[in-house]
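I am keeping these entries as I look things up, one topic at a time. The structure goes first, and the notes follow.

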Amino acid sequence: MSRHEIVVDLGSRSYPIIVGRGVSRELSDHLPPTARRAVIITQDGLPSVELSSIPSTTIRIGRGEEHKNLATIESLSREFASFGLTRNDVIIGVGGGMVTDVAGFAASAWHRGTAVVHVATSLLAMVDAAIGGKTGVNIPEGKNLVGAFWQPSAVLCDLDHLESLPESETRCGLGEIAKYHFISGQDLLGFDLDARVAACARIKADIVAQDEREGGRRALLNYGHTLAHAIETVGRHSVAHGEAVAMGLVFAAHLAHRLGRIDGDRVALHENVVGGTYGLATRPTEVFAIDDLMSVIARDKKATSGLTFVLDSERGLEVVNDIEPSTVAETLRGYLIA
Ligand SMILES: NC(=O)c1ccc[n+]([C@@H]2O[C@H](COP(=O)([O-])OP(=O)(O)OC[C@H]3O[C@@H](n4cnc5c(N)ncnc54)[C@H](O)[C@@H]3O)[C@@H](O)[C@H]2O)c1
């Protein structure tokens, strides 16, 4: 298994993503030279990292989306203050996407911007969440509604850390990898684990480098996410993020078909790739009311005009605005009972 280094090319804010076994031991090499102390933000039960080059303290936050909130940011900030963390120091997020989103947002706000390094420990964080600088927390009205763009100084993806990852969390990562399958057209499961994680990181890095603030191409990373957010919100997170994304990919194919954008074979490909190749559920088992899903879809933050979805076409994925809500609801009805 090899070590891969991918650069997110953002000029003076460029940073490396390092993928391989044991790469978290390189942590000290990726801290900003100004850092005299570090705060490590993590959760109970996660792989630990060694940091001997500078003094550090470790803060453990709660597990689960219900802890990804402003109360956690406030309590972290108060701990930063009592530790004496300055703007020249560094925050290190060690965990899955929940930790890297929280650590990144806390870093963006601490003294109006303090360096952050992510050690991604879940498959989903390695291929997606820890890369690209979108940070944030949830409020009762919706997921990730309060946040900031704040790029890390480095992202370390130590594949040894995946050994303790529960099977259900691996499935979540596979949901996002299936998304990259459709964005890139590559059969990513054909690669070894190190090459697969590196290939996904490279796809995300390239998109972020082209469109850091989601003015255009970066929105394609939301493929499958419109219905996914609705399933997560209505189901109160009974379906995990990556698994909901997998379902959202299949639904998006059905919607694209109804709008005449793709043919039936392309829909079947989505069903087969998600359900067969990646072995993920293509539909929720829980019964969801269509009206409940529709009301979340209608207030999706990507919806600037009418209903907005990322949809497939002969030209590849595109952001499609102004979709009739009745078309989405009818497709949803057919998709859920199929
Ligand atoms: N910022 C972005 O661009 C972006 C992109 C996608 C998802 N996200 C966010 O990421 C979050 C989902 O990330 P996630 O799926 O990693 O969830 P998570 O961070 O909640 O991790 C899932 C569970 O796995 C545990 N875990 C993580 N690594 C482990 C390991 N190596 N061994 C044992 N247990 C481990 C965690 O403690 C947690 O209980 C969501 O909040 C989502 O909104 C952000």
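**Entry 1: helix 5 and its cover**

I began with what lies over the buried residues of helix 5, and the cover includes strand 1 (4–8), strand 2 (15–20), helix 3, strand 9 (154–158) and helix 4. I note that this is a predicted model. Next I listed the buried residues of helix 5 itself: Val 197, Ala 198, Ala 199, Cys 200, Ala 201, Ile 203, Lys 204, Ala 205, Ile 207 and Val 208. Lys 204 is on that list of buried residues. An α-helix has 3.6 residues a turn, so residues three or four places apart point the same way.

I then checked the length. Helix 5 runs over residues 193–210, which makes 18 residues. From its first C-alpha to its last it reaches 26 Å, close to the 26 Å expected at 1.5 Å a residue.

**Entry 2: Ala 154**

Strand 9 was part of that cover, and I picked Ala 154, which lies in strand 9. Is Ala 154 buried or exposed? I found 22 C-beta neighbours inside 10 Å, and the cut-off for buried is 20 or more, so Ala 154 counts as buried. Leaving out residues up to four places away in sequence, Ala 154 touches Tyr 15, Pro 16, His 30 and Val 117.

**Entry 3: Leu 162**

Leu 162 sits in the loop between strand 9 and helix 4. I counted 20 other C-beta atoms within 10 Å of Leu 162, and Leu 162 is therefore buried. Leu 162 and Thr 121 are 41 residues apart in sequence, yet their C-alpha atoms are 6.5 Å apart in space.

**Entry 4: two domains**

I looked up the domain assignment, which gives domain 1 (4–209) and domain 2 (223–337). The C-alpha centres of domain 1 and domain 2 are 27 Å apart. In the contact I find 18 residues from domain 1 and 21 residues from domain 2.

Which elements each supply at least two residues of the side of domain 1 that touches domain 2? They are strand 8 (142–149) and helix 4 (167–184). Helix 4 gives the most to that side, with 12 residues. By class, I read eight nonpolar, five polar and five charged residues on the side of domain 1 that touches domain 2.

**Entry 5: Leu 249**

I moved on to Leu 249, which lies in helix 7. With 27 other C-beta atoms within 10 Å, Leu 249 is buried. Apart from neighbours within four places in sequence, Leu 249 is in contact with Ala 178, Lys 179, Phe 182, Tyr 223, Gly 224, His 270 and Val 274.

**Entry 6: around the ligand**

Which residues come nearest to the ligand? Of the 30 residues around the ligand, they are Gly 96, Gly 97, Met 98, Ser 122 and Ala 129. I then asked where the shell comes from. Helix 2 (97–109), helix 3 (123–129), strand 8, helix 4 and helix 7 (241–258) each supply at least two residues of the shell. By class, the shell around the ligand has nine nonpolar, 13 polar and eight charged residues.

**Entry 7: positive phi**

I looked at two residues other than glycine with a positive phi. For His 111, phi is near 50 degrees, and this residue lies in the loop between helix 2 and strand 6 (115–120). His 111 has 13 C-beta neighbours inside 10 Å and so counts as partly exposed.

For Arg 236, phi is near 45 degrees. Arg 236 lies in the loop between helix 6 (225–234) and helix 7. I found 9 C-beta neighbours inside 10 Å, so Arg 236 counts as exposed.

**Entry 8: the whole chain**

I left the totals for last. The protein has 10 helices and 11 strands, and 46% of its 338 residues count as buried. The C-alpha atoms fill a box of roughly 60 × 40 × 35 Å along the principal axes. A compact globule with 338 residues would have a radius of gyration near 20 Å, and the protein agrees because it has 20 Å. Among contacts between residues at least 6 apart in sequence, 68% join residues at least 24 apart.

Methods
Residues are numbered from 1 along each chain as its sequence is written. This is a predicted model: local features need pLDDT of at least 70, side-chain atom pairs count only at pLDDT 80 or more; totals for chains, interfaces and linings use all residues. Domain bounds come from an automatic or database domain assignment. Two residues are in contact if their C-beta atoms, placed from the backbone, lie within 7 Å. Helices (H or I, at least four residues) and strands (E, at least two) are DSSP runs, numbered from the N terminus. Ala, Val, Leu, Ile, Met, Phe, Trp, Tyr, Cys and Pro count as nonpolar, Asp, Glu, Lys and Arg as charged, and the others, Gly among them, as polar. A residue is near a molecule or strand if its C-beta atom, placed from the backbone, lies within 6 Å of it. The expected span of a helix is 1.5 Å times one less than its number of residues. A residue is buried if 20 or more other C-beta atoms lie within 10 Å of its own, exposed if 12 or fewer, and partly exposed in between; C-beta atoms are placed from the backbone. The radius of gyration is taken over C-alpha atoms; the globule rule is 2.2 Å times the number of residues to the power 0.38.
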